[in-house]
Each structure stands twice: as C-alpha cells, then as structure tokens.
Amino acid sequence: PQEVAFKERSVSTGIFKKPVKGPVRVAKLNLEGDRQADLAVHGGVDKAVYAYSFDAYPWWHQRRPNDSFDYGAFGENLLIDHLPEDQIYIGDTFEVGEAVLQAAQPRFPCFKLGIKFNDPEMVEMFTESKRPGVYFRVIKEGLIDIDQKLKLVAREKVLLSVAEMFQMDLKAPTGKKIILEYLEIKSLIPSWREKFQKLLEEK
C-alpha cells in the first residue's frame, strides 16, 4: 500500500500493483508480497485473491487509448488469460498449482479506481464494462506460477454467476423462489446471505 493525495487528504491504497516473477505463494489472506490497505472494505478471507481477466483489457484499450493498462492495472493480484465472469459461479472451486481457490464474489469498484487513473468516471466505466473480475477465498494455500491452468473441481447445486451477482448490486432479484434458491448456496458470503434474507422478509 501507498499514500496518495485525494481531495486534500491522504489516502492509503493497495491498488497500485506491479508484476512479479513466480512462483508466488498464495496464503489465506493474500498473495505473498501483496497487502491490502483498507481492511474494512478490502481483503479478508473472502477477498484474499482478486483475479482479473486479461481478455477484458482490449475493451479498455479501445475505450481509453491514452491510458496505460499494464498487468495489475485494476489492482488485481492475479491476472488470468480468460476468466469469464458469466461462466464462473459463486462457490466454483479451482485447483491451480498447489493452491485451491473458491469464487466468492465479484469486485465492486470504489473511488480508489478513480484515483488510480486520475479520473472519477473510471468507477462508472468499470460498472459499464460488466467485467468485474472475481474475488477468491483460499481453500488451500500453496505456490502458483505462470502457465498453470485453473481446474474446476467442485460446483454448487444452485448456480449464481459472478456476472449476475455484479448486476444484482444495481437490480436485486424480485422473485421469492429465486431468492430462496440463492440462500441454498453454501459458500455465499455472510453479507450477501443477509441481503437475500432481508429481501425475503420484504416479500
């Protein structure tokens, strides 16, 4: 993390990432050598690994040709060639190298993305891109390295994609039946379980 100026005050952020040569150890709360700044909204077991899809970068190059989109541009600590958020479901569990990762939630952008690109509109553009990336929890610690593949080893019975959850932040589900189904997802993070239960009470 580093201190940056924002609206006449100093803000600590870990969004400025640099590539490192592997192998790198994945631990319960982050990757070795990485650290989150504001632990109230970043980090923790359900946000230990933030993976972003490299095939989303061309969209950004087209929309913002004057910006530099180097590896780690969006604050990800893991960049994957192809990570389709509409085909990855909450609870999907993957082996990669020695580690085992489980999809926990999408990334919802905050003002620090605007700081990174010196443009507050980046937060809205990130939402428009519909490519939020995936936060993973670490089921098993271990070393990972370049050219290793994600191998799906387990999936929940009820399917809620990362892309669908990202859109739900804008438009919550309205059907009682679908909310009850989502509550059956064992790996659902506590804040979203609470959100669905609250929606159910309103029905």
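This is a predicted model: local features need pLDDT of at least 70, side-chain atom pairs count only at pLDDT 80 or more; totals for chains, interfaces and linings use all residues.
Side chains of opposite charge can pair when their charged atoms come close. In this model there are nine salt bridges, and three of them are followed here in turn.

One of these pairs is formed by aspartate 46 and arginine 137, whose closest N and O atoms are 2.8 Å apart.

A second salt bridge brings together the side chains of arginine 64 and aspartate 119, at 3.0 Å from N to O. Arginine 64 is found in the loop between α1 (57–63) and β5 (78–80), and aspartate 119 in the loop between α2 (111–116) and α3 (122–129), so this pair ties together parts of the chain that lie 55 residues apart in sequence. Both arginine 64 and aspartate 119 are buried.

In another salt bridge, arginine 131 and glutamate 85 meet through their side chains with an N to O distance of 2.6 Å. This pair, too, links distant parts of the chain, since arginine 131 is in the loop between α3 and β8 and glutamate 85 is in the loop between β5 and β6 (93–96), 46 residues apart. Glutamate 85 is buried, its relative accessible area being 2%. The pairing extends to a further residue, as salt bridges with shared partners join Asp55, Glu85 and Arg131 into one network.

Glycine 22 and proline 23 are joined by a cis peptide bond, with omega at about 0°, and proline 23 is placed in the loop between β2 (9–13) and β3.

Asparagine 118, in the loop between α2 and α3, has a phi near 55°, which is a positive value in a residue other than glycine. With 73% relative accessibility, asparagine 118 counts as exposed, whereas aspartate 119, in the loop between α2 and α3, is buried. Aspartate 147 also has a positive phi, near 75°, and is likewise a residue other than glycine. Its place is in the loop between β9 (142–144) and β10 (151–154), where aspartate 147 is exposed, with a relative accessible area of 73%.

How values were computed. Residues are numbered from 1 along each chain as its sequence is written. Side-chain values use heavy atoms; hydrogens and water are left out. A salt bridge is a side-chain nitrogen of Lys or Arg within 4 Å of a carboxyl oxygen of Asp or Glu. Helices (H or I, at least four residues) and strands (E, at least two) are DSSP runs, numbered from the N terminus. Buried means under 20% relative accessible area, exposed over 50%, partly exposed in between (1.4 Å probe, protein chains only).
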